Amino acid sequence: QVQLVESGGGLVQPGGSLRLSCAASGSIFSIYAMGWYRQAPGKQRELVAAITGGNSTNYADFVKGRFTISRDNAENTVYLQMNSLKPEDTAVYYCNVLGTGAWGQGTQVTVSL
C-alpha cells in the first residue's frame with residue numbers, strides 16, 4: 001500500500017499563491033497516475049488536477065490557468081502550484097493514486113483576508 005503525505009497548505013490572501021506537495025512511498029511511483037482532490041465543508045470531494053506517469057495533465061475547469069500539477073519521480077513527489085487563489089478555493093486538499101484507495105491525510109488551504 002502506497003503511503004501519501006501532503007504538506008504546504010495554509011492561510012493566504014485572495015490573489016496569493018501556495019504550493020502543495022505530496023510525498024509518496026514506494027519504488028514504482030513513476031508509473032502511478034496521481035491526482036489532487038479537494039473537499040470544502042458541506043461539499044463532495046472533487047478532482048482538481050491529475051497527472052499520468054508520462055506527465056500528461058488534466059485540470060478541472062475551475063482551476064485552469066491558475067493551478068499547475070507536476071511531479072518529480074526522483075523525489076517520489078507530486079506538486080500542485082496554486083496561483084491567483086480565490087476564497088472559493090478554500091478546502092482540504094488531498095492527493096490520491098488515481099483509481100485506488102490510497103489517499104493522504106489532507107492539507108487545509110484557506111483563502112481569506
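Strands are DSSP runs of E with at least two residues, helices are runs of H or I with at least four, and both are numbered from the N terminus.

Before you go on, a word about what is on your screen. This is a predicted model, in which local features need pLDDT of at least 70 and side-chain atom pairs count only at pLDDT 80 or more, while totals for chains, interfaces and linings use all residues. Residues are numbered from 1 along each chain as its sequence is written, and side-chain values use heavy atoms, with hydrogens and water left out.

**Stop 1: the sheet around strand 1**

Strands 1 and 3 pair in the antiparallel sense over four bridges; two strands count as paired if DSSP finds at least two bridges between them. Pick Val-5 and you will find its bridge partner, Ala-23, in strand 3.

The four strands form an open sheet with the order 1-3-8-7 and antiparallel pairing. Strand 1 (4-7) and strand 7 (67-72) stand at the edges with a single partner strand each, so one side of each is left without a neighbour in the sheet. On average, neighbouring strands of this sheet are turned by 15° against each other, direction ignored. For that angle, axes are lines fitted to C-alpha atoms (for helices over the stretch in contact), and angles run from 0 to 180 degrees between N-to-C directions.

**Stop 2: Phe-29**

Next, select Phe-29, in the loop between strand 3 (18-24) and strand 4 (34-39). Is Phe-29 buried or exposed? Its relative accessible area is 0%, so Phe-29 is buried.

Which residues does Phe-29 touch, not counting residues up to four places away in sequence? Show Ala-24, Met-34, Arg-71, Asp-72, Asn-73, Asn-76, Thr-77 and Val-78; a contact means heavy atoms within 4.5 Å.

**Stop 3: two positive phi values**

Most residues other than glycine have a negative phi. With that in mind, go to Asn-55, in the loop between strand 5 (46-51) and strand 6 (57-59). The phi of Asn-55 is near 70°, a positive value. Asn-55 counts as partly exposed because its relative accessibility is 46%.

Then jump to Ser-84, in the loop between strand 8 (77-82) and strand 9 (91-97). Ser-84 has a positive phi too, near 50°, and at 40% relative accessibility Ser-84 counts as partly exposed.

**Last stop: the whole chain**

Zoom out and colour by secondary structure: the protein chain has zero helices and ten strands. Along its principal axes, the C-alpha trace spans about 40 × 25 × 20 Å. Of the 113 residues, 44% count as buried. Among contacts between residues at least 6 apart in sequence, 52% join residues at least 24 apart.

Terms used. Buried < 20%, exposed > 50% of the residue type's maximum accessible area, 1.4 Å probe, protein only.
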